[in-house]
Amino acid sequence: MDLALEKIYTENDYYNLPENTRAELIDGHFYNMSAPSRIHQEILNYINNTIFNYIRSKNGLCKVYPAPFAVQLFKDKTTIVEPDISVICDKNKLTNRGCFGAPNWIIEIVSPNNANHDYIRKLNLYANAGVQEYWIVDPMTKLVYIYHFKTDHFKALPYSFNDEIRGSIFEDFCICLKEFIAE
């Protein structure tokens with residue numbers, strides 16, 4: 001295939017997708033997304049609600065958004081993703097369409113058909129975009145990997161669903177996914 005002839009899609013193509021089409025635009029290429037599983041949605045709801053309640057209890061200014069929520073990571077308009085959970089602490093990044101720029105914290109919940117997408121493609125994408133912290137929650141292995149990008153040294157920490165999981169965005173935030181072990 002002649003790469004010079006390959007179509008590069010942009011923000012306009014993304015926002016003109018047919019309704020109910022789930023896809024992400026990364027470096028000008030569409031990646032279709034399948035409907036999430038029930039356990040995926042239960043974990044997403046639990047984590048999102050826990051973060052929302054934490055922020056509210058602290059009278060925090062950060063906002064948490066579950067998917068679908070469009071995040072345009074770069075100015076070039078060829079990358080728009082829909083992280084499972086996005087936490088944005090700079091209100092100037094919020095637009096009517098979603099978020100323009102890197103969220104402070106992104107959480108992706110792995111599905112069997114998208115593991116490489118979350119573990120490789122999005123890991124590198126989020127690191128390059130300036131996301132401070134990236135969590136990969138894997139219901140199949142019952143592990144959570146936390147990647148800290150805001151430090152000078154790349155740092156990845158693994159946790160089990162039994163652990164009290166602590167990130168670095170909020171100093172005293174903690175979550176445990178123990179109730180999802182039997183799923």
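Reply: Buried means under 20% relative accessible area, exposed over 50%, and partly exposed in between (1.4 Å probe, protein chains only). The model is a predicted one, in which local features need pLDDT of at least 70 and side-chain atom pairs count only at pLDDT 80 or more, while totals for chains, interfaces and linings use all residues. Residues are numbered from 1 along each chain as its sequence is written, and side-chain values use heavy atoms, with hydrogens and water left out.

Me: Which residues of H2 are buried?

Reply: In H2, these are Ile39, His40, Ile43, Leu44, Ile47, Asn48, Ile51, Tyr54 and Ile55. They cover an arc of only 155° around the axis (taken from the directions from the helix axis to the C-beta atoms), which puts them on the same side of H2. The face turned away from that side carries the exposed residues Arg38, Arg56 and Ser57. Helices (H or I, at least four residues) and strands (E, at least two) are DSSP runs, numbered from the N terminus.

Me: Why is histidine 40 called buried?

Reply: Its relative accessibility is 5%, and the limit is under 20%; histidine 40 therefore counts as buried. Histidine 40 touches Asp84, Ile109, Val110 and Ser111, not counting residues up to four places away in sequence; contact here means heavy atoms within 4.5 Å.

Me: Why is tyrosine 65 called partly exposed?

Reply: Tyrosine 65, in strand S3, has a relative accessibility of 25%, so the residue counts as partly exposed.

Me: What makes cysteine 62 and cysteine 89 a disulfide?

Reply: Their sulfur atoms are 2.0 Å apart, and a disulfide is a pair of cysteine sulfur atoms within 2.5 Å; the pair therefore meets the definition. Cysteine 62 lies in the loop between H2 and S3 and cysteine 89 in the loop between S6 and strand S7 (94–95), so the pair ties together parts that are 27 residues apart in sequence. With 105° about the S-S bond, the link is right-handed.

Me: Are these two cysteines buried or partly exposed?

Reply: Cysteine 62, at 15% relative accessibility, counts as buried, whereas cysteine 89 is partly exposed at 29%.
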